[in-house]
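Load the model and keep the sequence beside it.

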Amino acid sequence: MIRIIMLGAPGSGKGTQTQLLSKYFYIPFISTGEILRQEIKKNEKIRNYIEDTINQGKLVKNSFIIQLIKKKIQEKKCYNGFILDGFPRTIEQAKSLKKNIKIQYVIHLKIKHDSIINRIKGRLIHEPSGRTYHEIFNPPKKKNQDDITGELLNKRKDDNERIIINRLKEYEIHTKPLIKWFKKEIKNNIKYLEVNSNASIKYINKKIINYINNNKKNN
Ligand code: AMP
């Protein structure tokens with residue numbers, strides 16, 4: 001059983017590392033941003049609310065996202081563990097998670113704010129699956145095409161400079177305080193790792209895997 005939480009500012013590489021860790025440990029991942037983007041496509045009732053919130057770079061309501069996650073982590077495929085990418089993003093969300101499950105690993109990808117905008121601007125997404133790439137740091141095998149289906153890649157609508165600035169503000173106000181909160185939880189046996197996300201994707205991935213494997217042995 002491995003439960004991992006990926007923490008970090010937008011553009012810190014959470015999605016990329018999540019995908020690699022999911023393959024390595026054979027556990028599913030739950031990406032709240034991705035779930036919300038899929039909900040926009042299929043859920044007419046709340047489509048406007050989610051779309052407007054995301055496109056303003058704001059966080060959706062705690063109660064809404066908490067309810068969504070509660071359902072997801074109870075799915076059978078999550079019995080052997082999972083990776084949370086983009087959740088929790090507020091202390092309220094973290095507290096509700098703590099009530100429902102035992103959090104094991106928190107991986108914090110640290111990034112300097114001045115490199116965020118350039119990193120996000122080069123990001124590409126395969127909309128049907130949510131697979132992400134980066135034009136320079138993590139390019140697809142064929143330009144602008146998804147590696148698995150060959151379908152066209154797109155830019156996310158909220159990956160533009162104006163919205164990114166708002167997303168970073170939301171991060172500073174709501175998500176950054178979580179770092180302290182998780183550090184306090186170390187006494188409750190949460191394993192917390194901080195990695196510099198300006199390093200290469202491979203290096204970061206190795207560091208996280210080694211950390212988790214070493215802790216698994218020691219437990
Ligand atoms: P992401 O794909 O993780 O960058 O998320 C895209 C957008 O979805 C965010 O900017 C928020 O508007 C929304 N979102 C994703 N996860 C959460 C969350 N845990 N709490 C609130 N809003 C979220």
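Predicted model: local features only at pLDDT ≥ 70, side-chain atom pairs only at ≥ 80, totals over all residues.

The lining of the second largest pocket divides into 3 nonpolar, 2 polar and 9 charged residues. Numbering starts from 1 along each chain as its sequence is written, and side-chain values use heavy atoms, with hydrogens and water left out.

Stay with this pocket. A pocket is an open set of points on a 1 Å grid over the protein atoms alone, with protein on both sides within 12 Å along at least five of seven lines; a lining residue has an atom within 4 Å of a point. The volume here is about 280 Å³. Volume means the space filled by probe spheres set on the points, with grid points joined across faces, edges and corners. The lining has 14 residues, and Arg-37, Ile-40, Glu-127, Arg-156 and Lys-157 lie nearest the pocket centre. Helix α2 gives the largest share, 5 residues. Both α2 and α3 supply at least two. Helices here are DSSP runs (H or I, at least four residues), as are strands (E, at least two), numbered from the N terminus.

How do α2 and α3 sit against each other? Helix α2 spans residues 32-42 and α3 spans 44-55; their axes come within 7 Å and cross at roughly 135 degrees. That angle makes α2 oblique to α3. Axes are lines fitted to C-alpha atoms, for helices over the stretch in contact, and angles run from 0 to 180 degrees between N-to-C directions. Under 35 degrees counts as roughly parallel, over 145 as roughly antiparallel, 65 to 115 as roughly perpendicular, and the rest as oblique. The contact (heavy atoms within 4.5 Å) joins Leu-36, Glu-39, Ile-40, Lys-41 and Lys-42 of α2 to Glu-44, Ile-46, Arg-47, Ile-50, Glu-51 and Ile-54 of α3. By class, that contact has 5 nonpolar, no polar and 6 charged residues.

Helix α2 also packs on α4 (residues 62-73), at an angle of about 100 degrees and with the axes 11 Å apart. The two are therefore roughly perpendicular. From α2, Thr-32, Ile-35 and Leu-36 meet Phe-64, Ile-65, Leu-68, Ile-69 and Lys-72 of α4. This contact has 6 nonpolar, 1 polar and 1 charged residues.

Now move to α5 (residues 91-100) and α8 (residues 177-184). Their axes come within 10 Å and cross at roughly 30 degrees, and the pair is therefore roughly parallel. Ile-91, Ala-94, Lys-95 and Lys-98 of α5 touch Pro-177, Leu-178, Trp-181 and Phe-182 of α8. The classes are 6 nonpolar, no polar and 2 charged.

A cavity is a set of grid points where a 1.4 Å probe fits but cannot get out. Strands β1 (2-8) and β3 (81-85) are the elements giving two or more residues. The most come from β1, with 3. The cavity lining has 7 nonpolar, 1 polar and 1 charged residues.

How values were computed: Nonpolar A, V, L, I, M, F, W, Y, C, P; charged D, E, K, R; others polar.
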